[in-house]
Amino acid sequence: IKLEVERERASASSGIWQFQDGDTYYDLLLSESLTIDTSLYDLEQGALIEIERLHKKAAKLLEVPESENIKESLKKITELYTSTRDSETNLVNTFESLVNEVLKKKEVENIQIKETAPFNANYKLVEYFPASLDNYKKASLYVSNYLLGFVPVLMQVGLVISEIFPGNHFMHEAFRHSKNLPSIRKVISFNAYKNGWKYYILEQTERLALVKNKEEAIGCLLWQ
């Protein structure tokens, strides 16, 4: 009922664009949220170019023509790698084994894999907490056993790469051990850097030999 009332009140013009200098106000809000001075139009064009590039990359990995319905092709392959959910299986333990396997030859430590508390399990797949500056508390990655059941197997290596090594955890540890950063910068992270670094690492998985086969490469692409 509320939506119907709001619809009747709404004008043909949406948002702040309908007001005088609305576009200027929007650009101001946008600039406060970004680390670069980029217009909304340029962001949109850049996003469209990136989507097109990922489309071509997916077609190449899937070995199908670029004219193919890539979304349907990706859906089919993820269905092949999605296990039937078993409520008795602790998938977090399985994920931790995968983490140990990936990190076996890497000098990465100081992180614990824990299961997300039940009241938060339906909302976040993973949640990362960095280590304390004095190393009293290890870093923790909380993983939802429930939501992990919906992640296809071919995407799980990408999750380890982006969240632990050489992704989010690796980045936090580099900050923590830096001698040139002030303590507050080591504690407070910035999403622009965190998400950008994770995206960059997922893009470089094949070049850095972080994936063993085409399926794992497709899994990393799906996270992008």
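In helix α8, the buried residues are N168, H169, M171, H172, E173, F175 and R176. The helix spans residues 168-176, and seven of its nine residues are buried, so the rest of the structure largely encloses it. This picture comes from a predicted model.

R176 is touched by S132, and so is K137, leaving out residues up to four places away in sequence. S132 sits in the loop between β2 and β3. Is S132 buried or exposed? Buried means under 20% relative accessible area. S132 has 18% relative accessibility, so it counts as buried. Its side chain also reaches the backbone nitrogen of Y136, at 3.0 Å.

Now take the strands on either side of that loop. Strand β2 covers residues 126-129, and its side chains alternate. V126 and Y128 point to one face and are buried. Strand β3 covers residues 139-143 and runs antiparallel to β2, with four bridges joining the two. Within this pairing, F129 stands opposite S140 of β3.

The largest nonpolar core holds 42 residues. Which residues have the most contacts inside it? They are F95, I113, L141, V143 and I164. F95 is in contact with I113, L141 and V143, and also with L148, Q156, L159 and V160, leaving aside its neighbours within four places in sequence.

Definitions and conventions:
Residues numbered from 1 in each chain as written. Predicted model: local features only at pLDDT ≥ 70, side-chain atom pairs only at ≥ 80, totals over all residues. Heavy atoms only, no water. Buried < 20%, exposed > 50% of the residue type's maximum accessible area, 1.4 Å probe, protein only. Pairing = 2+ DSSP bridges. Polar contact = N/O pair within 3.5 Å; in protein donor to acceptor, adjacent residues only side chain to side chain. Contact = heavy atoms within 4.5 Å. Core = buried A, V, L, I, M, F, W, Y, C linked by side-chain atoms within 4.5 Å.
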